[in-house]
Amino acid sequence: MRSILPARRRALLAVAGLCLSAVFGAAHAADPVKAVASFSILGDIVREVGGNDVSLTTLVGPDGDAHEYEPTPGDAKKLSAAQVLFVNGLDFETWLPKLTKASGFAGKTVVASQGVTPRKFAGHGDADTHDDHGHDDDHGHGHDHGHDREDGHHHHGDADPHAWQNLANGVIYARNVAEGLAAADPAHADNYRQRANAYIAKLQALDANVKKTFAAIPAERRKVVTSHDAFGYFGDAYGVAFISAMGVSTDAEPSAGEVAAIIEQVKRERVPAVFVENITSPKLVQQIARETGAKVGGTLYSDALSKSGQPGATYLEMFEWNVRQLAAALQP
């Protein structure tokens with residue numbers, strides 16, 4: 001018996017070792033994809049599509065202003081470890097090329113807006129004279145955040161980067177995210193596509209409801225003032241005219257003459273409401289409301305989600321909240 005027992009122990013240990021090896025091997029094989037998203041709205045879409053198969057880091061977080069963002073060394077470290085980077089494109093992330101280069105990022109880059117029909121900045125008139133951003137590619141390469149100009153404004157091209165403000169474009173984002181994750185992690189490609197399809201169904205249902213909501217409001221009342229020009233896609237899709245007080249970039253400072261022109265336009269067109277945004281100072285919009293008598297609506301979420309527990313913590317919640325605030329202010 002003494003000679004047999006060690007053999008049994010050795011056999012048991014060998015089996016246990018094989019089991020442990022299989023467990024750890026499976027755990028390693030199932031490690032989630034390390035992904036980075038440039039800003040919170042896109043990050044939420046990646047989270048919905050990626051589920052537990054993705055470990056996500058978002059660079060510009062809730063209530064963060066991607067127009068004025070200054071990357072940190074910690075951001076470079078996060079990006080250096082990432083397998084896939086999700087960006088909006090349309091020259092939105094002007095600060096990202098330098099960060100990507102500094103981090104040594106060697107993974108896949110997915111442009112979420114690929115396939116979107118860009119809305120052009122044109123014909124803004126007196127109310128919008130700051131929309132002179134000047135980029136030359138989808139990722140903003142070759143730009144220096146715009147601080148070399150005397151007015152300190154960011155450069156952007158004639159393409160409006162805020163494409164997520166039309167839910168039909170949100171559908172395009174979700175599909176691009178799914179395909180980007182499938183390419184980076186083929187083993188879970190079906191999971192990504194299934195989650196994307198379920199998420200897209202929610203986006204499309206909300207899109208139909210938003211169209212019905214604004215169609216029920218008289219066209220002459222569907223006019224609002226917002227802090228900066230982030231709602232052009234929304235306006236085109238849902239029939240709302242937006243007048244921006246600050247142009248495209250949130251660091252633009254309109255002159256006294258430009259503010260006076262906006263006030264005159266609001267009075268002339270009888271614009272019923274003005275709105276502040278979660279990423280901008282409310283002072284200018286409050287001044288316009290004070291001098292025109294227009295109603296101050298609730299806070300709108302434009303370029304960033306809210307913090308958890310607040311009304312716009314996800315892309316869907318953000319859209320629902322914005323629609324409720326706008327519709328309530330514009331009703332006769």
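Two strands are taken to pair if DSSP finds at least two bridges between them. In this predicted model, strand β7 meets that criterion with strand β9 (residues 273–274), since two bridges join them and the two run parallel. Within this pairing, Val224 has Ala273 of β9 as its bridge partner. Strand β7 (residues 223–226) also pairs in the parallel sense with strand β8 (residues 241–244), here over four bridges, and the bridge partner of Lys223 in β8 is Ala241. Between β7 and β8 the chain passes through helix α7 (residues 232–238), and the β-α-β crossover formed in this way is right-handed.

An open sheet is formed by four strands in the order β2-β1-β3-β4, with parallel pairing. In general, the strands of a sheet pair through backbone hydrogen bonds, either parallel or antiparallel. Inside the sheet considered here, strand β1 (residues 33–39) and strand β3 (residues 84–87) are joined in the parallel sense over three bridges, and Ala35 has Val84 of β3 as its bridge partner. Helix α2 (residues 40–50) lies across β1, β2 and β3, and runs at about 175° to β2.

Asp75 is found in helix α3 and, at a relative accessibility of 2%, which falls under the 20% limit, counts as buried. When its neighbours within four places in sequence are left aside, Asp75 is in contact with Leu59, Tyr69 and Leu99. Asp75 and Val36 are separated by 39 residues in sequence, and the distance between them in space is 9.6 Å, C-alpha to C-alpha.

Helix α4 (96–103) has a buried side and a face turned away from that side. The buried residues of α4 are Leu96, Pro97, Leu99, Thr100 and Ser103. Because these residues cover an arc of only 165° around the axis, they are placed on the same side of α4. The packing partners of the buried residues of α4 are β2, α3 (73–80) and β3. By contrast, Lys98, Lys101 and Ala102 are exposed, and they are carried by the face of α4 turned away from its buried side. The helix is followed by Gly104, which has a positive phi near 75°.

Phe92 lies in the loop between β3 and α4, whereas Trp164 lies in the loop between β6 (159–160) and α5 (167–184), so the pair ties together parts that are 72 residues apart in sequence. Phe92 counts as buried at 0% relative accessibility, and Trp164, with a relative accessible area of 0%, is buried too.

A further pair is formed by the rings of Tyr238 and Phe319, whose centres are 6.0 Å apart and whose planes stand at 75°, so the pair is edge-to-face. Distant parts of the chain are linked by this pair, as Tyr238 belongs to helix α7 and Phe319 to helix α10 (residues 315–330), 81 residues apart. Both Tyr238 and Phe319 are buried. These two residues also belong to one aromatic cluster, which is formed by Phe214, Phe231, Phe234, Tyr238, Phe242, Tyr315 and Phe319.

Conventions. Residues numbered from 1 in each chain as written. Predicted model: local features only at pLDDT ≥ 70, side-chain atom pairs only at ≥ 80, totals over all residues. Heavy atoms only, no water. Contact = heavy atoms within 4.5 Å. Axes fitted to C-alpha atoms, helices over the stretch in contact; angles between N-to-C directions. Right-handed = clockwise from strand over helix to strand, strands pointing away. Buried < 20%, exposed > 50% of the residue type's maximum accessible area, 1.4 Å probe, protein only. Arc of directions from axis to C-beta. Phe/Tyr/Trp six-rings, centres within 6.5 Å; stacked < 30°, edge-to-face > 60°.
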